[in-house]
Amino acid sequence: MFDSGLPTAELFMGDPVSAGELTAEDNSSGALERYHNTVHMWVGRHKNEKNEPFIDMGDFSTAAKDMLFCGHHSNVDRLWDLYRTYRGKKVVFDNNDWLNAEFIFYDENKEVVKINVMDSLSTLDLVYTYKDVPTPWMQRARPKRPAAKPRSGSFSMVPVTEFGTEPRPLVDAPVRVLVPRPKAGRSQEEKEDENEVIVVDGIEVLDEGPVRFDVFIATPFGNFAGPDYGLPAGSFVKLTHAHKEGHKHRKAKLKLGITRLLEDLKAEKAQKLVVTFVSRTGSVNLGGFHVDLFKADN
């Protein structure tokens, strides 16, 4: 799903936050941050029957003690470099607050130095590069991932309705809803001009631990959903921070580009979609969601 953010930078990098601002409740982190958080969660130790806390990569306050920490963040930087390469090295944002943001730190000579974002977007400007290796996972002819199936229950079709106006809890049982698309059967030119995006609003985290839920897309059979969840569109991932106040009841938004996924699903002519939210860990309330068209900027 790396390529889902190529047409629209905010889907890969997230919504901008200017210096001095707090992250707003309706800000969405980008795909790069979700990849980053997912690896932290995979490596960090999960709670067990002794109720031991998450440690090392599983908690921001201890992550840097893990031997994987530096290698992991180097790979995040490599993904940024690949993203710029696939976009033709084009400027991702033209927000001057972001481009002129400054970082002050000590260099290898123990001297205090200052550098801004504008001068650190390219690895070549920082006098290093990454080895050029094949990226078969970026090819459009990639093998289809198997459809996710419910973990229990019958395999018959089930009725689905639209989300409604009230928040819905996502704890143990999946939430399956029907959503209309802004336009079906778009031409290739239209798809290149606007990226189709699932927007999940008002995500409220209900506990202090890590949270992850996955999002799947399928085509409906009238007002019924089939026996599997369809293809994965992406995930919402937040890590615990044991020493940060206000970690409980965090709020956020999720944006997932689905234009190319709909091609894989052969659902481009579908008027509506079945979207399934599957909780993996933690508890959230979903405030609402819709499908929208975002102007491509590449």
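**Exercise 1.** Which residues of α2 are buried in this predicted model?

*Solution.* Begin with the extent of the helix: α2 covers residues 31-43, which makes 13 residues. Next, go along the helix and pick out the buried positions, which are Ala31, Leu32, Arg34, His36, Asn37, Thr38, His40 and Met41. Finally, look for what covers them: the cover includes the helices α1 (9-13) and α3 (69-86), together with the strands β7 (211-218), β9 (231-238), β10 (251-257) and β11 (272-281).

**Exercise 2.** Determine whether the span of α3 fits its number of residues, and then find what its buried residues pack against.

*Solution.* The 18 residues of α3 should span 26 Å at 1.5 Å a residue, and the end C-alpha atoms are 26 Å apart, so the two values agree. The buried residues of this helix are His72, Val76, Leu79, Trp80, Asp81, Leu82, Tyr83 and Arg84, and they pack against α1 and α2. After α3 comes glycine 88, whose phi is positive, near 75 degrees.

**Exercise 3.** Is leucine 68 buried, partly exposed or exposed?

*Solution.* First locate leucine 68, which lies in the loop between α2 and α3. Its relative accessible area is 36%; since buried means under 20% and exposed means over 50%, leucine 68 is therefore partly exposed.

Notes
Residues are numbered from 1 along each chain as its sequence is written. This is a predicted model: local features need pLDDT of at least 70, side-chain atom pairs count only at pLDDT 80 or more; totals for chains, interfaces and linings use all residues. Side-chain values use heavy atoms; hydrogens and water are left out. Helices (H or I, at least four residues) and strands (E, at least two) are DSSP runs, numbered from the N terminus. The expected span of a helix is 1.5 Å times one less than its number of residues. Buried means under 20% relative accessible area, exposed over 50%, partly exposed in between (1.4 Å probe, protein chains only). Contact means heavy atoms within 4.5 Å.
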